[in-house]
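Hi,

Here is the structure I promised to pass on. Have a look at it first, and then read on for what turned up.

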Amino acid sequence: MSDNESPAACYRRLASECLEVAYTFPNGSRRTVLLQMAQVWQRLSDEYADSSAPLLRPIESEQPVMQQQQRIQPKDDDEQQ
């Protein structure tokens, strides 16, 4: 970060750099990690600047994988007879 660069501007720059590098990789885990890093830098920039409009939008096909929690399904009384 340069002396005259605000933290929010630095975070935006880092997000942009992550995006630039990400698109040099083919689809896969390396690209996904860099895109996730870009999103984190952008979120930090938004939070620091108290901005509500993110400059980056997640790419639909490359959104982070979400984990699901499993619930135990109750057994039906009808099936046990």
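Glu 5 is buried, because its relative accessible area is 17% and the cut-off for buried is under 20%. Please keep in mind that this is a predicted model. Glu 5 lies in the segment that comes before α1, the helix covering residues 7-22.

Which side chain does the side chain of Glu 5 meet in a polar contact? The partner is the side chain of Arg 13, at 3.0 Å. Leaving aside residues up to four places away in sequence, Glu 5 touches Cys 10 and Arg 13.

**The cysteines**

Cys 10, one of the residues touched by Glu 5, is buried, with a relative accessible area of 8%. Cys 18 also counts as buried, because its relative accessibility is 8% and anything under 20% falls in that class. As you will know, a disulfide is a covalent bond between the sulfur atoms of two cysteines. How many disulfides does the structure hold? The number is zero.

**Helix α2**

The protein chain has two helices and zero strands. Helix α2 runs over residues 29-49, which makes 21 residues.

Several residues of α2 are buried: Arg 31, Leu 34, Leu 35, Ala 38, Gln 42, Ser 45 and Asp 46. Looking down the axis of α2, you will find these buried residues within an arc of 120°, so they line one face of the helix. What do the buried residues of α2 pack against? They pack against α1. On the face of α2 turned away from the buried side sit the exposed residues Ser 29, Arg 30, Glu 47 and Tyr 48.

**The chain as a whole**

Of the 81 residues in the protein chain, 17% are buried. The accessible surface of the chain comes to about 7,100 Å², and carbon and sulfur atoms account for 49% of that surface. Taking the contacts between residues at least 6 apart in sequence, 47% join residues at least 24 apart.

Best wishes

Methods: Residues are numbered from 1 along each chain as its sequence is written. This is a predicted model: local features need pLDDT of at least 70, side-chain atom pairs count only at pLDDT 80 or more; totals for chains, interfaces and linings use all residues. Side-chain values use heavy atoms; hydrogens and water are left out. Helices (H or I, at least four residues) and strands (E, at least two) are DSSP runs, numbered from the N terminus. Buried means under 20% relative accessible area, exposed over 50%, partly exposed in between (1.4 Å probe, protein chains only). A polar contact is a pair of N or O atoms within 3.5 Å; within protein, one must be able to donate a hydrogen and the other to accept it, and residues adjacent in sequence count only if both atoms are side-chain atoms. Contact means heavy atoms within 4.5 Å. Accessible areas come from the Shrake-Rupley method with a 1.4 Å probe; for residues, only the protein chains shown count as cover. The expected span of a helix is 1.5 Å times one less than its number of residues. The arc is that of the directions from the helix axis to the C-beta atoms. A disulfide is a pair of cysteine sulfur atoms within 2.5 Å.
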